[in-house]
There are 2 protein chains.
Amino acid sequence: MARQGKRGRLPGIVDVANRAKVSPATVSRYFNDPDIVRYRTRERIRHAVEELGYVRNRAVRSMVGGATGSIGLVIPTIDNAIFSEMLQTFSSALATHGRTMLIAAHGYDLAREAVLVHSLSEQRVDALALVGLEHRPETLVQIERQGIPAAMLWNYRPGGDWPCIGFDNELAGRMAAEHLLALGHRDILFATGEERSNDRAAGRRKGALEAARRAGLAVPDGRRIACPYDIRMSKETIARNLEDGGRPTAVFAGNDVIAQGAMFAAASLGVRVPDDLSIIGIGDFRGSDAFEPGLTTVRIPARRIGQLAADALVEMIDWPEADFHHEHCCPLELIVRGTCNAPGRLLRSAPGGNA
Amino acid sequence: MARQGKRGRLPGIVDVANRAKVSPATVSRYFNDPDIVRYRTRERIRHAVEELGYVRNRAVRSMVGGATGSIGLVIPTIDNAIFSEMLQTFSSALATHGRTMLIAAHGYDLAREAVLVHSLSEQRVDALALVGLEHRPETLVQIERQGIPAAMLWNYRPGGDWPCIGFDNELAGRMAAEHLLALGHRDILFATGEERSNDRAAGRRKGALEAARRAGLAVPDGRRIACPYDIRMSKETIARNLEDGGRPTAVFAGNDVIAQGAMFAAASLGVRVPDDLSIIGIGDFRGSDAFEPGLTTVRIPARRIGQLAADALVEMIDWPEADFHHEHCCPLELIVRGTCNAPGRLLRSAPGGNA
DNA sequence: AACTCCTTTGCAAACGATTTCATTCCAGGC
DNA sequence: GCCTGGAATGAAATCGTTTGCAAAGGAGTT
């Protein structure tokens, strides 16, 4: 027999109070500030709670000005390695603080993001974390009007209107590109994420191309492609490009997912990494180190961001009057593994031409 | 200047009512059943709502017997490819139904799961989804007492007390093992997940070993190892085993993460897949098809499970009296790609011995 | 025993929406 | 103009918890 949830009348604080022969107020205090109720009374209440299976209703607290204990996280996607480590850390850090996480994914659609923020407001989340710095005006207005403490994650720009905890995406792009340039690569395929609704991808691309420009490198259109954040699709896109466009000596990948796609693209074409092709990613996602050869990449301190974000938001909730200045730019680190080499001595044909 | 959330008094339904010159009751109806309020009145309310930036408080509804609109999902881990597709589908399916998802991860710790369920109860989730069929008694008691509609995901056993939407893990294990056996493998390394707090891993292992037994295969202890669900760690564990234990002709991996680890382990040792070693996984996670060669695996219909689960729970919420019998056993499918071959003609040494 | 000063507890008024029941409105038929 | 009945709206009770204020309890001092 399948059990159905017939929510009969659940025991309330009054029931507990009656059974423990105290007033509801005392029961409330027992939960919110146990120290101020006498030991004997506490015991009586504890018994009553156990016997009745009472579970307090946090939803109601929000009415009386209290907090709901839930914090909203609005994220582009969960279906991906990109944010999973941050997600996990954020979630368990919140748990440590006795909060739960409400999560919503908008699929890289900022219009949808606005809807989600509204929906989360209806749930009266105590705070809100968004990914990125680029958002619809209505999203921001909504958050401001509701007075919800909020933080922007994963991207960093100093002096903004909102607390932000992230890293410099342009720098990330620059670091990865410069590594390739320093190795001597002059013909690089820039495979970055779609930039629509994604300021992180845009930043990295900008940083990378800037590094190329400064190194005196002209990057023709054929060497800039947009890849979805999906291993198989990236693999296909890059494989097609490697076949058609004359072979570059290196691939700059906008993140590790794309880089992993590039690895497999190379494997499928019999192109050896790093001997024939160097590949660098950004992210250092779980598993990137397991690849053969290990993926050279720029490590994003995902866990750190998740932890800092959780701490910051809880702080903002608990001391609403304090004027914290939460702007954390987490340091990036170039992780050199095995996918990047100096290009072979043989000079390749000019980009765009055929070998 | 960082904006802080100073939640002054937010406009309430009464403010809207005053401004629109109607009663709060009418505003309530405007939101919950717009058709019964006259067009002109509706327009007035709409204006008032917009001007005040009113956002209704769903938390309060739960008090009056209404629903909070949030549904809890309790999952072993988010930090992993395993559940991400299900998660994503579940979440967006819920969004379609106008609900949001509260998520909590327990890290394969059933004691912690009980705590999470309690916490979710405090939030008055309208329904609850758990992964697996094995849970602490107190978890189940909690759910029953609270009368929360609940479903168990990812594993299937007919005739249980609870609705379940999943698949037959034993069958999955059997299918994968039988594929290897049918190809002629007699020396197989069984690398499965830790079974503590994980009935899915236990089921798969059981199914696989049963298939082996039926095929008249003795599986010595050295050919059964437990792997963490982590690519790098699986890679290391399996690489160590391949080096030390005499080379099996195939690896049965308890899921695709382990299988991917096995792929890299083989690559790191210069073992060719599938010529020298066949590998089969379970899951068909995103990206498994991108591997070179493509990973042969048993596809888990993750998206289907997520969708069915969302629909089932919403149904149970909306018709609490109806007695649905939600038991879905989703079909599995063997996906043959490139990682499995018949074993080489050369007979290998007996397991445990050295080559 | 009276007094003082904490500690502990209770009373009752919020909080913000929903919902039942009652009332008003309004159009159409006589 | 009156009546009727359905549609639209309003008044007020209600949900379960928190909290300010007041009262009671209890220990120590005189």
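**Entry 1. The strands between the chains**

I began with strand S2 (residues 100–105) of chain A, which is joined to S2(B) by 3 bridges, the two strands running antiparallel. The model I am reading is predicted. For A:Met101 I looked up the bridge partner in S2(B) and found B:Ile103.

I then followed S2(B) into its own chain. S2(B) pairs with S1(B) in the parallel sense, over 6 bridges. Within this pairing, B:Ile75 stands opposite B:Ala105.

Is strand S1 (residues 70–75) of chain B mostly covered or mostly open? I recorded it as mostly covered, with 6 of its 6 residues buried. In a regular strand, side chains alternate between the two faces of the sheet. I checked the directions here: B:Ser70, B:Gly72 and B:Val74 point one way from S1(B), while B:Ile71, B:Leu73 and B:Ile75 point the other way. The residues on both sides are all buried.

**Entry 2. The contact between chains A and B**

I next counted the residues in the contact: 69 come from chain B and 71 from chain A. On the side of chain B that touches chain A, the elements giving two or more residues include H4, helix H5 (84–96), strand S2 (100–105) and helix H6 (110–122) of chain B. I also noted helix H7 (137–146), helix H10 (231–244) and helix H11 (256–269) of chain B among them. The largest share of this side, 6 residues, is that of S2(B). By residue class, I recorded 27 nonpolar, 24 polar and 18 charged on the side of chain B that touches chain A.

Do the copies meet through the same surface or through different ones? Of the interface residues of chain B, 100% are also interface residues in chain A, so the copies meet through the same surface.

**Entry 3. The surroundings of DNA strand C**

I listed 28 residues that surround DNA strand C. The closest are A:Thr41 from chain A and B:Gly12, B:Ile13, B:Ala25 and B:Ser28 from chain B. Two or more residues each are given to this surface by helix H2 (24–32) of chain A and by helix H2 (24–32) and helix H4 (58–61) of chain B. H2(B) has the largest share of the surface near DNA strand C, with 6 residues. I sorted the residues of this surface into 14 nonpolar, 9 polar and 5 charged.

A:Thr41 counts as partly exposed because it has 16 C-beta neighbours inside 10 Å. Leaving aside residues up to four places away in sequence, A:Thr41 touches A:Val22 and A:Thr26. I also noted the separation from A:Asp15, 26 residues apart along the chain: the C-alpha atoms of A:Thr41 and A:Asp15 are separated by 15 Å.

**Entry 4. Domains of chain A**

The domain assignment of chain A gives domain 1 (70–167 + 301–330) and domain 2 (169–299). I took the distance between the centres of the two domains over C-alpha atoms and noted 28 Å. In the contact between them, 14 residues of domain 1 of chain A meet 14 residues of domain 2 of chain A. The side of domain 1 that touches domain 2 divides into 8 nonpolar, 3 polar and 3 charged residues.

**Entry 5. Backbone details**

I checked the peptide bonds and found a cis bond joining A:Val273 and A:Pro274, with omega about 5°. A:Pro274 has its place in the loop between helix H11 (256–269) and strand S9 (278–283) of chain A. In chain B, a cis peptide bond joins B:Val273 and B:Pro274, again with omega about 5°. B:Pro274 lies in the loop between H11 and strand S9 (278–283) of chain B.

B:Lys21 has phi near 55° and is found in the loop between helix H1 (13–20) and H2 of chain B. B:Arg124 also has a positive phi, of about 55°, and is found in the loop between H6 and strand S3 (127–131) of chain B.

Which of the two is buried and which is exposed? B:Lys21 is exposed, as 11 other C-beta atoms lie within 10 Å. B:Arg124 is buried, with 25 other C-beta atoms within 10 Å.

How values were computed:
Residues are numbered from 1 along each chain as its sequence is written. Chains are lettered from A and ligands numbered from 1 in the order in which they are written. This is a predicted model: local features need pLDDT of at least 70, side-chain atom pairs count only at pLDDT 80 or more; totals for chains, interfaces and linings use all residues. A residue is near a molecule or strand if its C-beta atom, placed from the backbone, lies within 6 Å of it. Helices (H or I, at least four residues) and strands (E, at least two) are DSSP runs, numbered from the N terminus. Ala, Val, Leu, Ile, Met, Phe, Trp, Tyr, Cys and Pro count as nonpolar, Asp, Glu, Lys and Arg as charged, and the others, Gly among them, as polar. Two residues are in contact if their C-beta atoms, placed from the backbone, lie within 7 Å. Two strands pair if DSSP finds at least two bridges between them. Domain bounds come from an automatic or database domain assignment. A residue is buried if 20 or more other C-beta atoms lie within 10 Å of its own, exposed if 12 or fewer, and partly exposed in between; C-beta atoms are placed from the backbone.
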